[in-house]
Amino acid sequence: MPPVLYIVIPCYNEQEVLPITAPQFLQKLLSLRDLGKISDESRVLFVNDGSRDGTWELIRKLAASDAHYLGISQSRNRGHQNAVLAGLMEAKDRCDITISIDCDGQDDIDAMDRMVDAYLEGCEVVYGVRASRRTDSFFKRFTAQGFYKFLAAMGAEVVYNHADYRLISARVLRELQNYREVNLFLRGLVPLVGFKSTTVSYDRAERLAGKSHYPLGKMLALAMNGITSLSVKPLRLIMGFGLLVALVSFLGVVWAIVTALTGQSVDGWASMTCIVCFVSGVQLISLGIIGEYVGKTYLEVKQRPRYIISERTWEAPTKPRNS
């Protein structure tokens, strides 16, 4: 029997691009069904991440127009990673496989055919990996490639040039559910789960409409979140650097004593100022990195919900009681 596929699509202020890409997702779903690769019970699941425009109204209209469209809405904006997780967890008990993909139409939906083929051949996870970055500007290409290399150098296990376009089986999702992190970085969590995996390469196109919701600031925040969520290597680097500074300081003390005993010392504030500023800077940077880990621990122990679904298109919206 063909597997049931749910295409999970996070949406945040996508009213401009959604009317263009939604029919494309449906067409791809139906073509896979017609080829006999997936069941007719397969669905396109939109996740509204607290959009401030008409995204949720569009999703509700799509769901009313075709039974293959479904939608859920979060109670507020929680970020891309939480929106993807909400969709995956909502779908895991309804399907055999999921494919998460962004709403902007940049990821090649034809790669889904090869993803499903890989699953039918025994792979539980299939990562969509960009074949090249020819469509990116130099700055975007430089920062994105540096993002993955920096994550790898800091000890975070990630798939190079892979974002959140991936196939995951329901079996893997049930194991992923056991990872209770509040600070989510799915690109690093999914490889930790394990199971047989492979990659599918594709070319990424330009955004079809609307504006990108991942500027440089968010990319840097995502990198920091990934590193501090998945690795303690920065803390070890601090310790190593601290030992190096301590060694240099010890040599400086020996040098100061020797010069004082031989009468070669001279009064001066420049050297002392440089040393104080250097050590102070190292201490502040070290405290900042340690504080980042302490803050993450503080948020994790609260065990707040990672997402809250306020509406589903297959359920009637609840109305408040009259007081």
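**Exercise 1. State how helices H1 and H4 are oriented to each other.**

Solution. H1 and H4 are oblique to each other. Angles under 35 degrees count as roughly parallel, over 145 as roughly antiparallel, 65 to 115 as roughly perpendicular, and the rest as oblique.

A word on the model first. It is predicted, so local features need pLDDT of at least 70 and side-chain atom pairs pLDDT 80 or more, while totals for chains, interfaces and linings use all residues. Residues are numbered from 1 along each chain as its sequence is written, and side-chain values use heavy atoms, without hydrogens and water.

Step 1. Locate the helices: H1 covers residues 18-34 and H4 residues 111-120. Helices (H or I, at least four residues) and strands (E, at least two) are DSSP runs, numbered from the N terminus.

Step 2. Take the axes. They come within 10 Å and cross at roughly 40°. Axes are lines fitted to C-alpha atoms, for helices over the stretch in contact; angles run from 0 to 180 degrees between N-to-C directions.

Step 3. Assign the hand. H1 passes H4 in a right-handed crossing. Right-handed means that the near helix is turned clockwise from the far one by less than a right angle; anticlockwise is left-handed.

**Exercise 2. Find which parts of the chain the salt bridge between aspartate 110 and lysine 28 ties together.**

Solution. Step 1. Check the contact. The two side chains meet at 3.0 Å, N to O. A salt bridge needs a side-chain nitrogen of Lys or Arg within 4 Å of a carboxyl oxygen of Asp or Glu.

Step 1. Aspartate 110 sits in the loop between strand S4 (97-100) and H4, and lysine 28 in helix H1, so the pair joins parts 82 residues apart in sequence.

Step 2. Lysine 28 is buried at 9% relative accessibility. Aspartate 110 is partly exposed at 45%. Buried means under 20% relative accessible area, exposed over 50%, and partly exposed in between (1.4 Å probe, protein chains only).

Step 3. Widen the view. Lys28, Asp110 and Asp113 form a network of salt bridges. The structure holds eleven salt bridges.

**Exercise 3. Where do the partners aspartate 117 and lysine 37 lie?**

Solution. Step 1. Their side chains meet in a salt bridge of 3.0 Å, N to O.

Step 1. Aspartate 117 is in helix H4, and lysine 37 is in the loop between H1 and strand S2 (43-48), 80 residues apart.

Step 2. Aspartate 117 is partly exposed at 28% relative accessible area. Lysine 37 is buried at 19%.

**Exercise 4. How many residues of helix H7 are buried?**

Solution. Step 1. H7 spans residues 186-193, and seven of its eight residues are buried, so the rest of the structure largely encloses this helix. Among them are Leu186, Gly188 and Pro191.

Step 1. Follow the chain onward. Just after H7, glycine 194 has a positive phi of about 90°.

Step 2. Look across from Leu186. Its C-alpha atom is 7.6 Å from that of aspartate 164, 22 residues away along the chain. Aspartate 164 belongs to strand S6 (residues 162-169). This aspartate 164 is buried, at 5% relative accessible area.

**Exercise 5. Is valine 248 buried or exposed?**

Solution. Step 1. Valine 248 counts as exposed, at 52% relative accessibility.

Step 1. Valine 248 lies in helix H9 (residues 233-261).

Step 2. Phe241, Leu244 and Val248 make a nonpolar surface patch with about 270 Å² of accessible area together. Patches take residues with over 30% relative accessible area and no salt bridge, joining like charges within 9 Å and nonpolar side chains (Val, Leu, Ile, Met, Phe, Trp, Tyr) within 5 Å. Accessible areas come from the Shrake-Rupley method with a 1.4 Å probe; for residues, only the protein chains shown count as cover.
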